[in-house]
Amino acid sequence: MAYGNAAFTALSDPTRRRVLERLAEGPRAVGEIAEGLPVSRPAVSQHLKVLKDAGLVNDRQDGARRIYAIDPRGLGAMRAWLDQFWDVALVAFKAEVERAANDEKEDAP
Amino acid sequence: MSLAIKPAPVKKTLVVAATPQKAFEVFTAGFDRWWPRSHSIGEAPLQTVVLEGRQGGRWYGLLENGREAEWGDVLAWEPPRRLLLAWRIGADWKYDPALLTEVEVVFMPEGEGTRVNLEHRLLENMGAEGEGARASFDSEGGWTGLLQMFAAEAAKAS
């Protein structure tokens, strides 16, 4: 891997992937990120800290709010995300293709 | 200073208990049945995903808000052996028709099943021209961090 293991490890957690995906929509405050996620706001803050330490997101102060965004070195974030994404996708693909193949066997005379 | 940092391709391999024909068919025509919904990077949740089964075919998602989110298109359509897709989403997580990264999927018979090799490559094209990427490479932490990673990789490889 040309990019750090920290990014890869950070994205091995599905909730952190969701957090990163929320940020892919645009910069957000913690409360906005937490909306629609099945985890508490403090938990989201903790996930953001891990993502930040891994260099995947950055933050800036905006008045009383702290705004998080995907780090502009996003190539690392995107590669780490893709690495995890294809794992998840191919597990789902394998399950589906084997279900379909099995159905055909059962349908055969 | 122009030192190109080239990210390695993402490579995956797996064996599925089905013929290459079946595997190819489910990967393409059955795309909507397995593509993870949790991984939408568009502006709204995904409703349906579409991979048009022909060279030049479109690859996109229909969103719950009625709009479409493009990913790319079909560069090579060679059933049941090989599929080459263009993934045109950049490091800014936005669709860019001018951006090319390739997803090649090869289906090979193995035993009674099929080995599926997937390679997502040319990731260096993502955001390589992006101002954000360049700015951060020049910022403290940017180059240093990347070069440290590079050094670690080089040490591993030697």
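The model is predicted: local features need pLDDT of at least 70, side-chain atom pairs count only at pLDDT 80 or more, and totals for chains, interfaces and linings use all residues. Residues are numbered from 1 along each chain as its sequence is written, while chains are lettered from A and ligands numbered from 1 in the order in which they are written. Chain B has four helices and seven strands. Helices (H or I, at least four residues) and strands (E, at least two) are DSSP runs, numbered from the N terminus.

**Chain B overall**

- Along the sequence, the elements of chain B run β-α-α-β-β-β-β-β-β-α-α.
- Chain B has 158 residues, and 29% of them count as buried. A residue is buried if 20 or more other C-beta atoms lie within 10 Å of its own, exposed if 12 or fewer, and partly exposed in between; C-beta atoms are placed from the backbone.
- Of the contacts in chain B with a separation of 6 or more, 40% join residues 24 or more positions apart. Two residues are in contact if their C-beta atoms, placed from the backbone, lie within 7 Å.

**The sheet of chain B**

- Seven strands of chain B form an open sheet in the order 1-7-6-5-4-3-2, with antiparallel pairing. Two strands pair if DSSP finds at least two bridges between them.
- Strand 1 (10-16) and strand 2 (46-51) of chain B are the edge strands, and each pairs on one side only.
- From one strand to the next, the twist averages 20°.
- Five bridges link strand 3 (residues 58-63) of chain B to strand 4 (residues 68-78) of chain B, in the antiparallel sense. B:Leu62 has B:Glu68 of strand 4 as its bridge partner. B:Arg58 stands opposite B:Asp73 in strand 4 of chain B.
- The hairpin of strand 3 and strand 4 of chain B has four residues between the strands, and B:Gly66 in this hairpin takes a positive phi near 90°.
- Strand 4 and strand 5 of chain B run antiparallel and are joined by six bridges. B:Asp73 has B:Ala86 of strand 5 as its bridge partner. Three residues lie between these two strands of chain B in their hairpin.

**One residue in strand 1**

- B:Thr13 lies in strand 1 of chain B.
- B:Thr13 is exposed, because 11 other C-beta atoms lie within 10 Å.
- Leaving out residues up to four places away in sequence, B:Thr13 touches B:Arg115 and B:Asn117.
- B:Thr13 and B:Gly57 are 44 residues apart in sequence, and their C-alpha atoms are 25 Å apart in space.

**Helix 1 of chain B**

- Helix 1 of chain B is mostly covered, with seven of its nine residues buried.
- Those buried residues are B:Pro20, B:Lys22, B:Ala23, B:Phe24, B:Val26, B:Phe27 and B:Thr28.

**Helix 2 and helix 4 of chain A**

- Helix 2 (residues 14-24) and helix 4 (residues 41-53) of chain A pack at an angle of about 80°, with their axes 10 Å apart. Axes are lines fitted to C-alpha atoms, for helices over the stretch in contact, and angles run from 0 to 180 degrees between N-to-C directions.
- The contact is made by A:Thr15, A:Arg16, A:Val19 and A:Leu20 of helix 2 of chain A, and by A:Val44, A:His47, A:Leu48, A:Val50 and A:Leu51 of helix 4 of chain A.
- Helix 2 of chain A is largely enclosed by the rest of the structure, because eight of its eleven residues are buried. Among them are A:Arg16, A:Arg17 and A:Arg18.

**The nonpolar core**

- The largest nonpolar core has 53 residues; those with the most contacts inside it are A:Leu20, A:Leu51, A:Leu56, A:Ile70, A:Ala77, A:Trp81 and B:Ala23. A nonpolar core is a set of buried Ala, Val, Leu, Ile, Met, Phe, Trp, Tyr and Cys residues joined through C-beta atoms within 7 Å.
- Helix 5 (residues 74-107) of chain A gives the largest share of this core, ten residues.
- Not counting residues up to four places away in sequence, A:Leu56 touches A:Ala7, A:Ala10, A:Leu20, A:Leu51, A:Ile70, A:Asp71, A:Ala77 and A:Ala80.
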